[in-house]
Amino acid sequence: MQAVTQYEWSSQWQGELVRVAGSLKAEAERLDGSLAALEKTLGAELGVMSLPKLAAVAEFGQVMLDAYRTQASFALEPDATDRLEALEDAVTRLKHYIATQAKLSCQYAPLAWKTLDADELGSAWAQANETWWPKSFFAKRKVLKQMRVGGAQSEPDPSNDIPVLRELREVGGHIDRLDGVLQGLRDWKSYDSDPQAMASLQSLGSRARVAVSKLAEDAESLAALRGKIRTLLYDANDLLAPEAPVGRAIVQFLGTLSDFNSIRAQFESLTGSTLEGRLPREANVLESIPSLCQSIVDHHIALRDWCAWVRRRSEAMDLQLGPLVQAIESGDVQPDEVAEAFEAAYCTWWSAALIDEDEVLRTFSSPEHEAAIHSFRELDSQFSELTAKYIAAKLAGQIPDEEDIKRNSSWGGLRRELQKKSRHKPVREMMEDMPDVITSLAPCLMMSPLSIAQFLPAGQALFDVVIFDEASQITVWDAVGSLARGKQVIVVGDPKQMPPTNFFARSDDDPDGDIDEEGDLESILDELIGASIPQRVLNLHYRSRRESLIAFSNSRYYDSSLVTFPAPVHPDKGVSLVRPEGFYARGKARHNQGEAKAIVAEIVRRLASEDQVVRQQSIGVVTFNTEQQSLIEDLLDKARSDDPSIEWAFSEEVTLEPVFVKNLETVQGDERDVILFSITYGPDEAGHVTMNFGPLNRTGGERRLNVAMTRARSEMVVFSTMPPERIDLARTQARAVADLKHFLEYAERGASALGAAVHGSMGDFESPFEVAVARGLQEKGWIVHPQIGVSAYRVDMGIVHPDKPGVYLAGIECDGAMYHSSAYARERDKIRQGVLEGLGWTLFRVWSTDWWTNRNKALDGLHNALCEYLEKKQQAESMRIVEGADSPGSLQDTVAEPTQVNIEPDPEPESR
């Protein structure tokens, strides 16, 4: 169908094309037979036929017919080139010779110019013209006599004929020299040769030589063919007669070819294209054309659709989309890939044009940019440190020297109070008497609302700014007095966490906490939110070193708006469920001994572990009520008395974060590496489960649950004697109870329990650039996971450790959507980087400009950097094993020297 480039379809046109295609097929087959007969009579194979070669055969055939009864065989002799050149020269000389003879004033004997010395006659005639009369008369008569004797047959004109004779001698000399080359030619008669006959012979010889040359494939076949044709022209010239075998075969071939060309012209007119441009170059056209014609006949039903394609093809070609059209027609681009192929090609062109026009992109140098990032980080850290030192120095400069303090000044009064042994002034009175001294010594006061009311007088000067932290737990009436003491107020809190409450001050008639007597109180945070005070959301989450610890809360309570950072492990199972044997003691006990014993055993196991990393992780316990809290504390006291070696973990003097045991109402604000969460509620001794879960049944219970679920930094272990399927949501309308059920499912099954909201490391690539980088790394043998993380921020690619499939060796960041999602350099190039490196990531970066400029160099550099880093990790691992310091299962095993931008190591991030 590709031979058809006509896009104006009609049924009449289609019928005519099918008819002509059939005729062309028949003529091609007839021509093939005629050619075979010609080859047989010639006794030579002419090779594979192309359309130009068919024309060459026709030219050869016509030459053979014209060579009948001529001496054209010389053109195929080894010296044919010399003879053809001599013939061409002879034609010119003969014409010149004849024209020169015609200039003579009278008739001369043949070859008189050879006997007459034109130079001598010319000299004598010149002297005769110059001498005096009558001597000149006799001299001229002498010259005339010599010319008559030499061949002049009547009265010559010496002035005219002597120069002509000289010219004839010169031309005749040339003809004499050609005679040696052209002797043997039938029509060559030296000076008497017919120029026209010589020209015809030269033309025929040249045509014969060229025609035979066009039929040969190589030097060997040319020599063989010339020999056969030379024999035909010389020894068997009679066979070239029109009625002889060879002549008849040639005439038949030429006639068949003429008919073929006539039908071919009709076919090309109907298709709108030439066969020569559509047929394979190496194929035999007398086989290809019948096949092509038969294909059109067989598929004529598709001609209408094909014409529609040709129309679109023509439009695409007009729009300079020729390469895309060729790729589609060749099958390199499938129909369903056209849009993507066009977009890729267009983007390639557009990107090149954009880079060329934009000076920043054109001159971008990744080493220079990386150096600028590194310098920025250092300068930013130095600036932060210098700012702190500057503020401290400035404040210290406001404190007077002891020698300059006057006795009756405020500073003198403070010194007297410090020197007293007893009867000190009350704090409130001191604040009232010497407010400037107190604020100079302590420009930043950290006090509770109650302390502010108790210690600061009403006339105290306003603070520049008052900041409330954990504002969701401060009631409005407690906060009002503090609000009035500031020129500006910043209220910080999470409306999804604990409100002010007095839940545990329940009545004696409500031992199970079923009666909602007072409910949660309104916080200053809720009040300000309701008043439409300007807000700013701080959505970067740093506490959880594993995203799975915050994923449930992020999905359920924060609409996945928190920006969290993934850990370099796969899969991320930071939350787990333990199902101890036990039951919930309803009534006054209201505790669960099975869970309590399991938690205490887990604490002891961790504190006595031989693994130093496990032993040094801080631990916190969260319970649903005070009774369970008290039970665990009692069991822990007994365990501490039984094993004094774990006592260190409970002492604030030994560790910064001792083990704590708290309930839902008191745990807000605390955090530990490991949180052990006791659900407490569950089946009673009889196996009966009530839908009473204490504080969770109340309005806002989900806020308490949210607090409990977000206290862990590295791991949370949930202890529950109740399987999640025992919670019947048909028996309760409390949202917190439904969330508890789903949280238990999440702890048991992982991220899959969150449904479509969280997929772990199952995101897809965000750009073709990331796809290209990933494919390149995969071709190098690396296992690549895309979009590591469950929140708005993800590591573009994670490289799976070849020796530890559950750990990522490194992360790959591209300067794509994730990189430029932050408009601030500090967050983009320092904070994010530092947080990820603090979680154990080693990051490599690929710059799109480097990839665009030299993909192979960028890919090889990244691959080599990963190989070097893997080798370094393996060597370090081997050394730890030899030294006996290996810590299997530790997340810290994945932490390594952070690496930034291809292969250059980055400095350790500043501690936060």
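**Close-up views of the predicted model**

**View A. S532 is exposed, because its relative accessible area is 60%.** Exposed means over 50% relative accessible area, buried means under 20%, and partly exposed is in between (1.4 Å probe, protein chains only). The model is predicted, so local features need pLDDT of at least 70 and side-chain atom pairs count only at pLDDT 80 or more, while totals for chains, interfaces and linings use all residues. Residues are numbered from 1 along each chain as its sequence is written, and side-chain values use heavy atoms, with hydrogens and water left out. S532 sits in the loop between helix 22 (524–530) and helix 23 (548–556). Helices (H or I, at least four residues) and strands (E, at least two) are DSSP runs, numbered from the N terminus. S532 is not a glycine, yet its phi is positive, about 60°. Most residues other than glycine have a negative phi, and most peptide bonds are trans.

**View B. E470 also has a positive phi, about 50°, without being a glycine.** The residue belongs to the loop between strand 1 (463–468) and helix 21 (476–483). What is the relative accessible area of E470? The value is 29%, so E470 is partly exposed.

**View C. The peptide bond from W133 to P134 is cis.** Its omega is near 15°. P134 is placed in the loop between helix 5 (118–130) and helix 6 (135–150).

**View D. G150 lies in helix 6.** G150 counts as buried because its relative accessibility is 18%. Leaving out residues up to four places away in sequence, G150 touches A112, T115 and L116. Contact means heavy atoms within 4.5 Å. D117 is 33 residues from G150 along the chain, and their C-alpha atoms are 9.1 Å apart.

**View E. Helix 8 covers residues 195–215.** The expected span is 1.5 Å times one less than the number of residues. The N-terminal end is capped by D194, with a side-chain oxygen 3.1 Å from the backbone nitrogen of Q196. A polar contact is a pair of N or O atoms within 3.5 Å; within protein, one must be able to donate a hydrogen and the other to accept it, and residues adjacent in sequence count only if both atoms are side-chain atoms. Buried residues of helix 8 include M198, L201, L204, A208 and L215. Their cover includes helix 2 (51–66), helix 3 (80–101) and helix 9 (219–234).

**View F. T256 is found in helix 10 (residues 245–271).** With 2% relative accessibility, T256 counts as buried. Its side chain reaches the backbone oxygen of Q252 at 2.8 Å. T256 also touches E27, R30, L31 and S34, not counting residues up to four places away in sequence.

**View G. Helix 12 (residues 303–318) crosses helix 13 (residues 322–330) at roughly 145°.** The two axes come within 8 Å. Axes are lines fitted to C-alpha atoms, for helices over the stretch in contact, and angles run from 0 to 180 degrees between N-to-C directions. From helix 12, W309, R313, A316 and M317 meet G322, V325, I328 and E329 of helix 13. These contact residues divide into five nonpolar, one polar and two charged. Ala, Val, Leu, Ile, Met, Phe, Trp, Tyr, Cys and Pro count as nonpolar, Asp, Glu, Lys and Arg as charged, and the others, Gly among them, as polar.
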